[in-house]
Amino acid sequence: VKLSSSNISEHDSVESAKLLKMIGDFERISDHSVNLLESAEEMKEKGIEFTDNAKKEINTLCNAVTEILDLTYKAYIENDIETAYLVEPLEQVVDGLKEKMRTHHILRLQQGECSIIAGFVWSDLLNNLERTADHCSNIAGCLIEAANNKMTIHEDLRDIRSNSQDYWDKYKNYLGKYAV
């Protein structure tokens with residue numbers, strides 16, 4: 001069968017473009033998952049433990065990333081654009097959590113509460129969790145732009161952040177939910 005542009009509907013074309021854009025993000029999420037597993041194995045092998053405060057913080061970040069993964073999955077599987085809109089404000093909260101947690105770690109390190117080795121693992125965990133959230137944002141953004149028959153994800157996400165009171169309301173809600 002010879003395919004030409006006349007054989008492919010506009011819907012199929014948009015759907016194909018959407019899937020091609022998202023496939024790399026799905027692959028990267030799985031790569032970050034493997035990296036997280038390797039960090040856990042390293043901690044076990046080397047007997048690395050975090051302070052109680054660090055454990056609470058990483059648990060908070062893991063909960064936020066679990067929620068963003070769940071939202072992204074639901075948005076993708078059900079082509080649920082309303083759910084896709086919930087991803088970006090949570091992704092921004094994850095970015096902020098990462099920075100706060102990095103600062104808290106530096107303070108713990110300066111006070112002698114944790115080791116340099118734990119700090120390397122800590123940094124790897126933060127980076128992999130935050131990057132997972134970034135890829136979820138890309139997937140949700142792709143779903144949103146496909147629903148709007150556009151393929152300008154970064155422009156659309158900037159517009160969502162700057163022009164939507166609903167976005168800021170959701171952001172503040174997530175900020176309170178995942179405070180460290």
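Residues are numbered from 1 along each chain as its sequence is written, and side-chain values use heavy atoms, with hydrogens and water left out. Local features need pLDDT of at least 70, and side-chain atom pairs count only at pLDDT 80 or more, whereas totals for chains, interfaces and linings use all residues.

The mean pLDDT of the protein is 90. A value of 70 or more is reached by 87% of its residues. Here pLDDT is the predictor's confidence in each residue, from 0 to 100. Among the elements, α2 has the highest mean pLDDT, at 97. Helix α5 (residues 153–163) has the lowest, at 65. Where pLDDT is low, the predicted coordinates should not be read in detail.

The secondary structure consists of six helices and zero strands. The order from the N terminus is α-α-α-α-α-α. Helices (H or I, at least four residues) and strands (E, at least two) are DSSP runs, numbered from the N terminus. The protein has 180 residues, and 39% of them are buried. Buried means under 20% relative accessible area, exposed means over 50%, and partly exposed lies in between (1.4 Å probe, protein chains only).

Two packed helices are described by the angle between their axes and the distance between the axes. Axes are lines fitted to C-alpha atoms, for helices over the stretch in contact, and angles run from 0 to 180 degrees between N-to-C directions. Angles under 35 degrees count as roughly parallel, over 145 as roughly antiparallel, 65 to 115 as roughly perpendicular and the rest as oblique.

Helix α2 (residues 52–78) packs against helix α3 (residues 81–110) at about 165°. Their axes are 10 Å apart. The two helices are therefore roughly antiparallel. The contact of α2 with α3 involves 15 nonpolar, five polar and five charged residues. In this classification, Ala, Val, Leu, Ile, Met, Phe, Trp, Tyr, Cys and Pro are nonpolar, Asp, Glu, Lys and Arg are charged, and the others, Gly among them, are polar. The crossing of α2 and α3 is left-handed. A crossing is left-handed if the near helix is turned anticlockwise from the far one by less than a right angle, and right-handed if clockwise.

Helices α3 and α4 also pack at about 165°, with axes 8 Å apart. That angle makes α3 roughly antiparallel to α4. Their contact holds 16 nonpolar, five polar and eight charged residues. The α3 and α4 crossing is left-handed. For α2 and α4, the angle is about 20° and the axes are 10 Å apart. These two helices are therefore roughly parallel. They too cross in a left-handed sense.

Two asparagines were examined. Asparagine 79 lies in the loop between α2 and α3. Its phi is near 50°, a positive value in a residue other than glycine. Asparagine 79 is partly exposed, at 44% relative accessibility. Asparagine 138 lies in helix α4 (residues 116–147). Its relative accessible area is 22%, so asparagine 138 is partly exposed. Asparagine 138 and glutamate 88 are 50 residues apart in sequence. In space they are 8.8 Å apart, C-alpha to C-alpha.

Zero disulfides were found in a search of the whole structure. A disulfide is a pair of cysteine sulfur atoms within 2.5 Å. Cysteine 114 is buried, at 19% relative accessible area. Cysteine 142 is buried as well, at 1%.
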